[in-house]
Amino acid sequence: MLCVNVELKERRYPIYIGAGLLTNTDCYPLKQGNKVMIVSNPTVAHYYLTTVTETLEKIGCIVEHVLLPDGEQYKTLDSLNLIFTALLKANHGRDTTIVALGGGVIGDVAGFAAASYQRGVRFIQIPTTLLAQVDSSVGGKTGVNHPQGKNLIGAFHQPQAVLIDTATLASLPPREFAAGMAEVIKYGLINSPDFFAWLEDNRAAIAAHDPATLQTMIARCCAAKAAIVAADERESGQRALLNFGHTFGHALEALTAYQRWKHGECVAIGSVIACRLAARLGRISEADADRAAALFAAFGLPTTVPADISTDAIRDKMQLDKKTRGGQLRLVLPQRFCDSGIDRDISAADIAAAI
């Protein structure tokens, strides 16, 4: 087992990474008598709800659960209210703990419920998808979508711990695993040419789900995100770098009602657009942009915008992005290959050409 800490002073918390951790009581920061509400969905619950429930009961916790519908389209206020109703019906107070058992949707909605219920209760992240393990479970961003855009309603609320059992990836459909790889590749493109090269060199081992390789890969991603979160918890500066590819990707998700692609697939397309834009601006070579696209494609991810989605529609939707300030769109773009920064004055013509 590896442990990466998110250093936030009195809110410091561990990220445990390894195989078989769901049954390791040492990974749960709970004690005898704690009331727990597990939030999951039917797909994940089928595999892991009993295991997590039994482990918590060994500690002496009083465990209940609520299941949300499965899918990004259910990352809504209605799903949030299902959690509140379950908590209230079971008489959970401010001393309860919410456990998010599932992928990014479950983690974000359950975390927002924890941030909101009785003005804030504890929660634990148990991410079961690769995307959630390397990205959304770490850093305290919680929220739900609105028809006008992704994650427009939410709060920052840090977990007590993140428990990453790499064995859960064995039950992940190939498309879901590939979607997670988009966020993994993102860490290389942000600021780590060494990690990007490592991913290129280890493509076969990653695709084969080699346990040691996956553990190393996930730990490197979590360490990278933990460092950024510790330096900029509420995204006033460098944390925005984690949104590499996301401004374009979120627009694609919203335009297709969150049903056509997985989040990671949209991030892959958005990341390639960002690299194409950087090449157009003369910051990286076309060969570097091709190299980025090739790595996404190597894991079965899309890299281009389909002809049925217009450039104008994407640009209009991008204006609703949370990173827009004073009507000015901020984009995370390569300044050099695998060394990114925040731009505020990119022309509409250049953006359109890159799309």
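**Exercise 1.** Find which residues Thr303 touches, not counting residues up to four places away in sequence.

*Solution.* Start in the loop between helix 11 (286–298) and helix 12, where Thr303 has its place; helices (H or I, at least four residues) are DSSP runs numbered from the N terminus. Next, look for contacts, meaning heavy atoms within 4.5 Å. Leaving out residues up to four places away in sequence, Thr303 touches Ile269, Val272, Ala293, Phe296 and Ala297.

A note on the model: it is predicted, so local features need pLDDT of at least 70 and side-chain atom pairs count only at pLDDT 80 or more, while totals for chains, interfaces and linings use all residues. Residues are numbered from 1 along each chain as its sequence is written, and side-chain values use heavy atoms, with hydrogens and water left out.

**Exercise 2.** Decide whether Thr303 counts as buried, partly exposed or exposed.

*Solution.* Recall the cut-offs: buried is under 20% relative accessible area, exposed is over 50%, and partly exposed lies in between (1.4 Å probe, protein chains only). Thr303 has 23% relative accessibility, so it counts as partly exposed.

**Exercise 3.** Work out which residues touch the most other members of the largest nonpolar core.

*Solution.* A nonpolar core is a set of buried Ala, Val, Leu, Ile, Met, Phe, Trp, Tyr and Cys residues joined through side-chain atoms within 4.5 Å. Among the 76 residues of the largest one, Leu130, Leu189, Leu199 and Met217 touch the most other members. Then ask which helix gives the most to this core: helix 10 (residues 263–280), with 11 residues. Finally, another core of 23 residues lies apart from it, and Ile83, Ala86, Leu87 and Tyr117 are among its residues.

Terms used: Helices (H or I, at least four residues) and strands (E, at least two) are DSSP runs, numbered from the N terminus.
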